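This briefing covers a chain-to-chain contact, a DNA-facing surface and the packing of a pair of helices. The sequence and structure are shown first.

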Number of protein chains: 2
Amino acid sequence: MVSIRDVAKHAGVAISTVSKVLNHYPNVSEETRKKVNDAIEELGFVPNSIAAALSSKKSGRVALLLDVNRHVQTVDEIPMQYIVGAINRAKELNLDVITVFFTMIQEMSVEEMVRYFQSQSIEGLVICGMSKQDIALHKLIHTGKFKVVLIDAPYVNANTSAIHIDHTKAQYEVAKETILANKCRRILYIAGKKNGYVSEERMQGMNELAKELGLTIFTRVGNFSELQAREITLKYARKKDAIICASDMMAIGAMKALIDMDIFRPVSGFDGISLMGYAGKQMHTVKQNFKDIASRAIDEVDKLMKGQTGQEIIVPHELIRMEYLDVIS
Amino acid sequence: MVSIRDVAKHAGVAISTVSKVLNHYPNVSEETRKKVNDAIEELGFVPNSIAAALSSKKSGRVALLLDVNRHVQTVDEIPMQYIVGAINRAKELNLDVITVFFTMIQEMSVEEMVRYFQSQSIEGLVICGMSKQDIALHKLIHTGKFKVVLIDAPYVNANTSAIHIDHTKAQYEVAKETILANKCRRILYIAGKKNGYVSEERMQGMNELAKELGLTIFTRVGNFSELQAREITLKYARKKDAIICASDMMAIGAMKALIDMDIFRPVSGFDGISLMGYAGKQMHTVKQNFKDIASRAIDEVDKLMKGQTGQEIIVPHELIRMEYLDVIS
DNA sequence: TTGTATGCGTTATCAG
DNA sequence: CTGATAACGCATACAA
């Protein structure tokens, strides 16, 4: 393998000069810069990122922490979109992304987590969907040993940023549209999980709407499960005018149940996954751009690693209606 | 950061001794091993994998090369399953997985690819779904600079292994079951892509079946696209008795089209993705265990990196029928 | 079985 | 603006 040393020799300069060229230092004459670049070209030199990391003590590695199948198994769209968004942006910023699943670390103590990430030379964490119960993760953040970006968890400090849509507002809006368009009075709300950050925020949106419209809302917890939403629907839907769900998966479960019951009720979901197109009937939902969110999260962790201080970022959402033919074209 | 040097000092031994303990060398006395481990424990030492990689010239990094949305955008289940399988197994084997998408490298020449992977210190590649047209990738394999495991591409050499199900047999079986159960004579086969390895193998299975049953099969290329399968179905299904598809996505497109046409034909798919449960009607399909395949691929690349020579691995498949309630429970 | 010494390919400091 | 050289943390051949 050709190293910086060979390049230096070939170009007739010192190793340190080559390094300066490689890292775009300002104080190198145009002449030597060219000599060096020519040598690099001729030799087909590839800088060794491992050696660079060891020397500079900067690995440029970030872990993308994902919660797979803790919600519902049927669809992998959301984590996949996070992965795609994160990896593509990371490549542009010259960062390495190590994908990690909650299941891989859920048995670990804080100390073990710290060791695990340190042994991998990870400097930054992007955590998707942390819940209140993930105490080890909370503690991990508080060690201050890593730069952290939280997707869908509302915590910020010097080296922690948060990024998410306004769940409260989004739930309010999509529910309002669904309810008013059909003049519904008796609302069934299928909520997410107890103690989930986004679940509570979305619930809050429903409460605000209820107050504004003077409705009482009948709420049941569906745990983001399609099956539970189905069962709740089978049990209560007959006496309700509309079903508002805290997630698309639950909306699909509800809609399929309605179809089996052979009755119609307007249903709304939340997230905007393409599976919504397969539920059989059009539904309202909140479209989140997961790819973009992950991309911005990588941006943010990069900035944190460069010394910027943590902040909260609210990204926009969109209200849409989804139907089969839109999804496949 | 506490280093091996601190551990050595604390334990009263040489650095090399600590290193030997860390790497489970045999020739270390039980006594010193304990001393060292105690010191590690007390100091909370975490080996620096970057330094280890630099020194040993072994990074333990493999790239997982995925083809996202070149087929059909609607579903991310297959790549996600590959990712999950690969990452979990890699963690057990102490390897790092870098996820890479075809789109990130498709414009690159072989040389650029080599540089890209070398600069990342990647030793092994797991490539999912390479097609015949990916000439740069073929050349990359031939450079011999990386250990490669191919999922669903039938090429093997000293440092290249292949792993896949028997697509020909699987297509033969699922089609036979679908056709015979319904006594069909006029068969519409919606094939995958031209020049795709698996597409041709599956087609081969159809040919064998046609010969055996004395049928002529009417074939159209659907490019693995749900939409194209839909259109083909709308156009030809009326005069056919069964629709055999080379992928689930196309089967879903076909089935949805049949429902819109208000006619029924038995349809079979291929892959066993959970979206099949949402098509509205039960279908036959071939279930591939993508997670397991990826897991084995990581195993295999690990072995290649340890000096084993390339081989072909055929993994089992399963014939199943999928329906909504099975999928969500 | 243990220790010494050298090198891995960079970056960064400092002197020229 | 350029060059010598000491780290970075670990592995390993070799000596003891």
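Helix axes are lines fitted to C-alpha atoms over the stretch in contact, and the angle between two axes runs from 0 to 180 degrees between their N-to-C directions. The model discussed here is predicted.

**Packing of helix 1 and helix 2 in chain B**
- The axes of helix 1 (residues 4-11) of chain B and helix 2 of chain B cross at roughly 105° and come within 8 Å.
- These two helices of chain B are therefore roughly perpendicular to each other, since angles of 65 to 115 degrees count as such.
- Helix 1 of chain B contributes I4(B), R5(B), V7(B), A8(B) and A11(B) to the contact, and helix 2 of chain B contributes I15(B), T17(B), V18(B) and S19(B).
- Six of the residues in this contact are nonpolar, two are polar and one is charged.

**Contact between chains A and B**
- Chain A and chain B each give 41 residues to the contact.
- On the side of chain B that touches chain A, the elements giving two or more residues include helix 4 (49-56), strand 2 (96-101) and helix 12 (248-261) of chain B.
- Helix 5 of chain B provides the largest share of that side, eight residues.
- By class, the side of chain B that touches chain A comprises 21 nonpolar, 13 polar and seven charged residues.

**Surface near DNA strand C**
- Among the 28 residues around DNA strand C, those that come nearest are I4(A), S16(A), N48(A), S55(A) and S16(B).
- Helix 4 of chain A gives the most to this surface, with five residues.
- The elements that each supply at least two residues include helix 1 (4-11) of chain A and helix 3 (30-43) of chain B.
- The surface near DNA strand C has 13 nonpolar, 13 polar and two charged residues.

Notes: Residues numbered from 1 in each chain as written. Chains lettered and ligands numbered in written order. Predicted model: local features only at pLDDT ≥ 70, side-chain atom pairs only at ≥ 80, totals over all residues. Contact = placed C-beta atoms within 7 Å. Helix = DSSP H or I, 4+ residues; strand = E, 2+ residues; numbered from the N terminus. Nonpolar A, V, L, I, M, F, W, Y, C, P; charged D, E, K, R; others polar. Near = placed C-beta within 6 Å. Parallel < 35°, antiparallel > 145°, perpendicular 65-115°, else oblique.
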